[in-house]
Each structure stands twice: as C-alpha cells, then as structure tokens.
Amino acid sequence: MAEIGHGGKEIVERIMEPAQAKEKIKGLKQIPIRSQIANEVIGIAYGFFSPLEGFMGKADLDGVCKNMRLANGILWSIPILFDLSDAEISDYGIKVGDTVVLTYQGNPMAIFEIEEIYEYDKKTICQAVYGTTEDKHPGCARTYAYKDKFIGGKITLVNRPKINPPFEPYFIPPLEMRKRFKEKGWVRIVAHQTRNVPHTGHEWLMKGAWLQTYGELPIDKPLVGVLVNAIIGEKRKGDYIDEAIILCQDELRKSGYFGDHNHMTSLTFWDMRYAGPKEAVFHAILRTNLGLTHHMFGRDHAGVGTYYGPYDAHILLESVKKDLNITPVYSMNWLYCPHCGEVTSEGLCNHKSEWQKFSGTVIRSIILDGVKPPRLIFRPEVFDLVMECAEKYGFGSPFVTDEYLKNRTPVFTIPPLA
Amino acid sequence: MAEEKYPINIWINEERYEKLKAVGLANLCEEMLAGLKVLRVYANEAQKDKILKVFPTAKFDSATTKSIELLPRDVKDKMFDLVIEKKTVDILDEFLSKY
C-alpha cells in the first residue's frame with residue numbers, strides 16, 4: 001500500500017541500487033558537496049522532504065518566498081537550495097541538461113540532474129523566510145553564504161550513508177518509521193523536536209503532549225507514542241555533543257521514565273535555520289512524512305534571539321492547518337514550583353510568585369559549574385550518561401569544543417561505492 | 001524606573017559551599033530548583049553587554065530566566081573568588097575592569 005506524505009503525495013525513496021549506480025555514474029563529472037548539502041540530499045532521497053524530488057528550481061523558490069508554497073501549490077516554508085559559484089560552474093563546465101555526480105568525503109553520493117541554473121536575490125529570501133535581512137540571524141547568515149547561482153534538479157542517491165556508532169539505531173527514514181509505528185500498534189504519534197539533552201521540563205513537555213494526544217482514545221492498550229526526533233546538523237561550540245543528545249533522549253525510555261510502549265528516539269539530518277514560525281511549518285511537514293499524526297510546538301519554536309514572538313509559530317500553523325496532515329499540539333512551559341514541590345505546568349499552578357523557571361541553557365550552566373542537578377530537575381541516569389558521553393565521545397567535555405569539531409567521528413560517512 | 005538587573009548564577013558545589021562557610025558567607029546562597037544552592041551576582045545593562053562581548057560563549061537567556069548563563073567555569077571561579085575576597089556579591093565593576 002502506498003505511503004502518503006505531505007501534500008497528499010506518495011513517499012518514494014529516490015535511491016539506486018549499487019550495481020546499477022556504479023554503471024550509471026561512469027564518466028559523469030563529479031562535484032564535491034559540503035555537509036549541509038549532504039544532509040539535504042539524504043532528506044530528499046529518503047523522503048523526509050517529500051514531495052521534493054530534488055533541489056528547488058526558481059519557480060519553487062519564488063513560490064516559497066512569495067506565498068509559502070511550491071510551484072504546484074503545495075505548502076512549503078523553507079527553501080532547499082543547491083548553490084555553486086560562477087567560477088565553479090565554468091570550471092566544471094556544467095550546463096542545463098547535464099547529469100553530474102555529487103561526492104561527499106571523496107566518494108560518490110548522488111546523481112544530480114541539472115534542470116535549471118538561476119540567480120535569486122538573497123535579501124528577498126531572507127525577508128520572506130526569516131522576516132529580517134540582518135546577517136546576525138543565523139538563517140540569514142546561511143542564506144548570504146550561498147554562492148552566486150542556484151541549481152535546480154532531481155536527486156537520486158547512489159550510495160547509502162553508513163551511520164556510525166552510536167547513531168545507527170536512530171536513523172529511521174520515513175518508510176521504515178511508518179512500519180515501526182504499525183508494529184507498535186500506535187494510532188497516534190506525537191513528535192518532540194529537539195536539539196537538547198532532556199531535563200525534566202522537556203520530559204514533562206513530552207508527557208503533557210502524550211496526554212493531549214491520547215484524548216478520547218481507549219486506554220486498554222497503548223495506542224499513542226512520543227517520537228523524539230533529534231535534529232542532527234551543524235554544531236556550534238558550547239552545544240551538547242550529538243552523542244549525548246541522542247543517547248540521553250533514549251535514556252528516558254531505558255530508565256523507565258517512558259517505555260517501549262510509548263516512546264521512541266530517532267534523528268533527522270538538518271541544519272537548523274532558526275526560522276521560528278516558518279521552521280515550525282517545515283518541522284510539521286518533515287514529521288508528516290515520518291508518519292506522525294501530531295506535533296508538539298512549545299513557546300518560540302525554532303526561534304532565535306528576539307526575532308519572533310513566543311506564539312508566532314502557533315499563529316502561522318493555525319493559518320495553514322488545512323494544508324497540514326498533522327495536528328499541532330501546543331504546549332505551555334513547565335517549571336519548578338517550590339510550593340508544590342514538583343515540576344508543573346504554568347497553565348496549572350497558581351503559585352506564580354514562587355515559580356522557578358529553568359531552561360536547557362540554565363542546566364548547561366549548572367553542569368559547566370561542576371554541579372549535579374537534583375533528580376526533579378535532571379534525571380540522575382541522564383546526568384551520568386552525559387558525563388559518560390563526555391569521556392567516550394567528547395574528549396572530556398559534554399559540550400562541543402574545537403577538539404570535538406576537529407576529531408569527532410562523523411555521524412555518517414559515505415563509503416567508497418562497492 | 002528601577003534599572004533592570006540580570007543575575008549571573010554561580011551554582012554552588014560542595015567545594016564552593018565549604019569556602020563560603022569558612023568566611024561566613026553561606027547565608028548569601030539562595031536555594032533553587034529543588035535543592036540547588038546558588039550565589040547570584042547581578043549585572044546592569046552595560047555590564048551584561050560587556051560580559052556577552054568579552055565572553056562569547058556566554059548567553060543571555062532572554063526567553064526563560066532572563067539570566068546570564070554559560071560563562072566558562074574558570075571565569076565563574078574568578079568571580080566566586082572575588083566574592084569570597086570582598087565578602088560581597090557586588091563585585092562586577094572590579095571584575096570587569098580587568099577586561
């Protein structure tokens with residue numbers, strides 16, 4: 001049976017088998033790509049970005065900028081672009097109609113059918129997607145870093161990425177993910193978007209969203225799951241290391257704060273744009289393709305600094321609800337109330353003057369100071385695992401350092417084509 | 001209108017707590033988040049801006065706590081030592097004069 005993704009389109013993996021691929025790429029020009037583009041090749045080829053079949057042409061980009069829709073009318077909020085400089089285009093001697101091989105880490109990764117080579121004003125993209133043209137906005141900075149020309153065309157993966165330990169169990173592409181959900185018997189699954197090691201505020205966000213999602217369903221057997229979908233992409237110094245993020249999210253299940261019956265951890269390769277409301281719509285699309293039925297959105301989802309209002313994402317999602325095949329679940333903040341002696345929702349507790357708010361940033365500060373947070377705030381199993389990850393993967397630190405950036409094992413590698 | 005103050009949370013581990021007790025400053029600690037001890041050094045707007053400029057890893061948590069976080073451990077150690085030396089949390093002018 002066809003698996004239907006965002007926009008009502010069937011999810012089709014664009015992946016060629018190795019024997020055919022080896023023959024197909026013979027004699028083709030090779031173009032090396034950077035990690036952002038490699039992440040997006042995976043997103044396109046495995047159907048995370050369905051219905052996209054490749055990098056956007058001008059009509060799609062224009063539609064995304066002007067009315068948040070692809071040229072075919074399907075809702076889409078973030079441009080997915082392939083860029084080259086004029087010099088590179090000339091040096092490679094590429095033109096519309098060519099087929100080239102994209103290489104990553106020196107090995108063939110995907111076939112790229114060049115359908116269009118075009119220019120587009122980067123400020124226009126920034127204003128449309130990020131609501132600002134300031135280059136200090138990380139999404140704008142990424143946009144301005146694109147080279148002279150954009151290339152549109154279809155992508156076909158010719159070489160599957162080898163996911164390196166400890167990430168292998170967590171790379172679950174859309175078609176496989178949907179099978180897993182069926183095996184578990186879940187009829188509703190709510191997405192938890194994260195780039196963090198979980199503290200109990202996150203844990204309760206998930207638990208709250210699970211309760212909201214369960215709604216009127218019968219409770220005699222487990223029908224609802226939480227899918228943690230960690231975004232793995234470019235790292236900045238001071239972030240938690242990727243290994244700690246993914247393993248600690250899963251630790252909540254392993255240590256019994258959740259269970260196999262209601263919790264699963266996975267990852268998606270994506271370099272965050274911090275586009276706030278527009279990124280929230282993108283996340284909804286991504287998780288629709290993964291087979292989720294619900295998506296949790298908290299305050300200032302995928303925002304940065306003070307560019308977006310705390311509930312701008314919710315307002316935008318409401319405005320495009322009919323185009324989304326996933327139900328937004330809006331979550332209030334969780335905080336510690338010393339009067340209640342527990343982590344509670346700001347929508348429930350009325351000891352407002354006593355509230356003690358905490359965030360991932362505060363927890364990182366506590367750990368940086370060499371202090372173990374109390375179990376009501378940060379689970380001891382998670383703390384121990386953070387420290388273990390620091391030793392095992394982080395060169396002594398649970399946070400990204402220059403040494404980690406230089407010497408870490410990549411999350412995935414593209415092996416030589418067998 | 002009173003000037004806005006932004007806390008820098010110096011989280012107190014056993015070693016720091018022993019040092020505070022030794023000089024009779026343990027009462028400067030507040031208890032937060034289900035049992036954590038914290039010493040709060042407050043920055044004004046100008047001091048906050050200077051801290052964020054001088055220490056690029058530091059972050060102002062504008063969304064949740066309105067506090068200055070993620071200062072490197074050695075920087076907080078120096079602030080803490082200055083609190084012990086001066087027996088007050090009002091140390092930021094002197095601390096930042098070195099930067």
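**Questions on a predicted model**

Biologist: What is phi of Gln105(A)?

Modeller: Most residues other than glycine have a negative phi. Gln105(A) is not a glycine, yet its phi is positive. The value is near 55°.

Biologist: Is Gln105(A) buried, exposed or partly exposed?

Modeller: Count the other C-beta atoms within 10 Å of Gln105(A): there are 16. Buried needs 20 or more, and exposed needs 12 or fewer. Gln105(A) falls in between, so it is partly exposed.

Biologist: Which residue of chain B has a positive phi although it is not a glycine, and where is its place?

Modeller: The phi in question is about 65°, and it belongs to Leu70(B). Leu70(B) has 18 C-beta neighbours inside 10 Å, so it counts as partly exposed. Its place is in the loop between β5 (68-69) and α3 (73-86) of chain B.

Biologist: Which peptide bond is cis, with omega of about 15°?

Modeller: Most peptide bonds are trans. Look in the loop between α2 (35-45) and β2 (54-55) of chain A, where Pro51(A) is found. The cis bond joins Ser50(A) and Pro51(A).

Biologist: What is omega for the cis peptide bond of Pro165(A) and Pro166(A)?

Modeller: Pro166(A) lies in the loop between β7 (162-163) and α7 (174-184) of chain A. A cis peptide bond joins Pro165(A) to Pro166(A), with omega of about 5°.

Biologist: How are α9(A) and α13(A) oriented to each other?

Modeller: Two packed helices are described by the angle between their axes and the distance between the axes. Helix α9 (residues 242-254) and helix α13 (residues 380-392) of chain A have axes 9 Å apart, at an angle of about 155°. Angles over 145 degrees count as roughly antiparallel. The two helices, α9(A) and α13(A), are therefore roughly antiparallel.

Biologist: How do the residues of the contact of α9(A) with α13(A) divide?

Modeller: From α9(A) come Glu243(A), Ala244(A), Leu247(A), Cys248(A) and Glu251(A). They meet Glu381(A), Val382(A), Leu385(A), Val386(A) and Cys389(A) in α13(A). The contact divides into seven nonpolar, no polar and three charged.

Biologist: What radius of gyration does chain A have?

Modeller: Chain A has 418 residues, and 46% of them count as buried. Its C-alpha atoms fill a box of roughly 70 × 45 × 45 Å along the principal axes. A compact globule with 418 residues would be near 22 Å, which agrees with the radius of gyration of chain A: 22 Å.

Biologist: Which helix of chain A gives the largest share of the side that touches chain B?

Modeller: In the interface, 22 residues of chain A are in contact with 20 residues of chain B. The side of chain A divides into 10 nonpolar, seven polar and five charged residues. The largest share is six residues, and it comes from residues 360-368, helix α12 of chain A.

Biologist: How far apart in space are Lys26(A) and Val101(A)?

Modeller: Lys26(A) is in the loop between α1 (18-24) and β1 (30-32) of chain A. With 8 C-beta neighbours inside 10 Å, Lys26(A) counts as exposed. In sequence, Lys26(A) and Val101(A) are 75 residues apart. In space, C-alpha to C-alpha, they are apart by 9.4 Å.

Note on methods:
Residues numbered from 1 in each chain as written. Chains lettered and ligands numbered in written order. Predicted model: local features only at pLDDT ≥ 70, side-chain atom pairs only at ≥ 80, totals over all residues. Rg over C-alpha atoms; globule rule 2.2 N^0.38 Å. Axes fitted to C-alpha atoms, helices over the stretch in contact; angles between N-to-C directions. Helix = DSSP H or I, 4+ residues; strand = E, 2+ residues; numbered from the N terminus. Parallel < 35°, antiparallel > 145°, perpendicular 65-115°, else oblique. Contact = placed C-beta atoms within 7 Å. Nonpolar A, V, L, I, M, F, W, Y, C, P; charged D, E, K, R; others polar.
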